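Visitor: I would like a close look at one part of this model, the place where the two chains meet. Please take me through it in one go.

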Amino acid sequence: MRAIDAGLASCHTCGLLLHLPTAGHTHCPRCSSPMHLRKPASLSQTWAFLLAAMIAYLPANLYPVMTVVSFGKSQSDTILSGVIYLFVHGDWPLALIVFVASVLVPLLKMLALLYLLITVQRKSTRYRQQRTRLYRVVELVGRWSMVDIFVVALLAALVNVGTVATIEPGAGAIAFSAVVILTMFSAMNFDPRLIWDYQGEQ
Amino acid sequence: MSMPEHAATALAEMAACHECDELHRVPGLAPGATARCHVCGAVLARNPRGGLGRPIALYITALILLLLANMFPFLTLEIGGRKEVCTLFGASRAMYNAGMGELAVVVFLTSILAPALMMSSGLYVMLSVRLRQSWPAVRLLLAWIGHLEPWVMLDVFMLGVLVAFVKLGNMATMHTGNSLYAFVGLILVFAAASSSFDRHLLWHMLGVPGRKHQ
């Protein structure tokens with residue numbers, strides 16, 4: 001049996017179970033967080049952060065994340081060209097990790113959230129376990145996309161040796177970190193229990 | 001609550017899966033045991049071995065390592081006879097100097113501030129529970145830790161260091177600094193600390209004010 005069918009709500013913050021009166025707001029007696037049966041406005045907030053992330057995804061990939069100026073020449077790198085550089089000049093296991101973290105993960109994460117939102121709204125009853133697991137993975141791997149921002153920050157910190165070479169972060173870096181943060185917020189606002197809520201025609 | 005005492009006790013042994021809402025009876029777990037939801041497989045509760053002594057010791061170690069990671073050079077770059085020293089904080093400062101204050105905040109938050117806040121408030125909460133003292137704001141801080149956790153990106157930062165190493169490898173010589181070693185240690189100790197305590201177990205230990213049984 002599910003908690004909601006027993007008239008019980010569990011606190012999002014500390015997990016305390018409580019009989020929730022149908023009307024009115026209650027605060028958790030253990031941690032003082034507001035109590036709800038489900039995360040409030042979960043779907044619309046997940047949608048809002050996801051759409052914002054999708055919009056930011058364009059400049060994140062089109063604008064350079066950094067510009068290297070060395071000996072008077074300047075070369076700009078986007079997320080994708082940075083990965084290609086690693087494949088050509090670095091060792092490919094690392095390039096593969098960066099490709100997964102900075103190209104595959106953000107893209108698949110947005111597609112996964114889109115799929116979860118649509119299936120919940122269409123009241124799908126199929127693949128519930130798999131969809132819950134998908135959500136778990138999405139929540140877990142999203143932060144790894146931030147690696148590119150750290151690389152740019154470290155390079156910019158290290159390479160500012162006067163006239164020899166400088167590395168400047170580009171506008172793409174702001175957009176890219178916005179994508180990572182917005183998709184993290186989107187995933188946090190999604191309530192996976194909604195996947196299980198529609199019990200079918202009875 | 002107008003609930004009878006025995007009903008509250010029965011409810012305290014129940015838990016709802018946070019991912020599919022299935023109700024479970026979760027009695028006290030044996031040390032080292034993990035309870036999983038039988039419907040979706042999510043972790044319901046853990047009871048790590050070693051009690052609170054282990055995570056307290058590991059968090060103290062991690063805080064010392066975080067301090068060390070901020071005190072010495074992190075990486076040194078040698079290019080054309082000139083040396084450029086970068087500290088851990090230098091990564092955020094470089095973003096700020098380049099006119100990207102937003103990114104400076106993001107980098108500072110995820111690599112220094114969030115880990116520092118999470119570890120110090122975790123230590124405070126665990127010491128309060130362990131010493132059976134009801135220090136102020138313990139519940140507020142424990143609720144905070146849950147919100148901070150996703151923004152602690154020490155491991156992701158380390159991957160960034162590796163990539164930076166490779167990217168600069170063929171245009172300059174890189175040297176590792178003492179802080180980098182402290183940072184590697186910090187990641188290992190922090191991971192060990194995270195797996196050696198469970199937030200929900202701490203909530204259980206704190207209990208519900210005014211209720212005899214948790």
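Guide: In this predicted model, 63 residues of chain B are in contact with 66 residues of chain A, contact meaning heavy atoms within 4.5 Å. Local features need pLDDT of at least 70 and side-chain atom pairs count only at pLDDT 80 or more, while totals for chains, interfaces and linings use all residues. Residues are numbered from 1 along each chain as its sequence is written, chains are lettered from A and ligands numbered from 1 in the order in which they are written, and side-chain values use heavy atoms, with hydrogens and water left out.

The area buried between chain B and chain A is about 5800 Å², and carbon and sulfur atoms give 74% of it. Buried area here is the accessible area (1.4 Å probe) that two parts lose on being put together, summed over both. On the chain B side, B:E19, B:D21 and B:K167 supply 12% of the area buried against chain A, more than any other three residues.

B:D21 also takes part in a salt bridge with A:R38, where the closest N and O atoms are 2.8 Å apart. The rule (a side-chain nitrogen of Lys or Arg within 4 Å of a carboxyl oxygen of Asp or Glu) finds three salt bridges across this interface. As for secondary structure, α6(B) provides the largest share of the side of chain B that touches chain A, 12 residues.

Helix α6 of chain B covers residues 154-169. Helices are DSSP runs (H or I, at least four residues), numbered from the N terminus. This helix has 16 residues and reaches 22 Å from its first C-alpha to its last, close to the 22 Å expected at 1.5 Å a residue; the expected span is 1.5 Å times one less than the number of residues. Among its buried residues are B:F157, B:V161, B:A164, B:K167 and B:L168, buried meaning under 20% relative accessible area (1.4 Å probe, protein chains only).

B:F157 touches A:F150 and A:L154 from chain A, and its partners in chain B include B:F74, B:L88, B:V107 and B:F183, not counting residues up to four places away in sequence. In the largest nonpolar core, of 132 residues, A:M146, B:Y59, B:F157 and B:F183 touch the most other members. Such a core is a set of buried Ala, Val, Leu, Ile, Met, Phe, Trp, Tyr and Cys residues joined through side-chain atoms within 4.5 Å. A second, separate core of six residues includes A:L8, A:L17, B:L11 and B:L23.

Definitions and conventions:
Buried means under 20% relative accessible area, exposed over 50%, partly exposed in between (1.4 Å probe, protein chains only). Helices (H or I, at least four residues) and strands (E, at least two) are DSSP runs, numbered from the N terminus.
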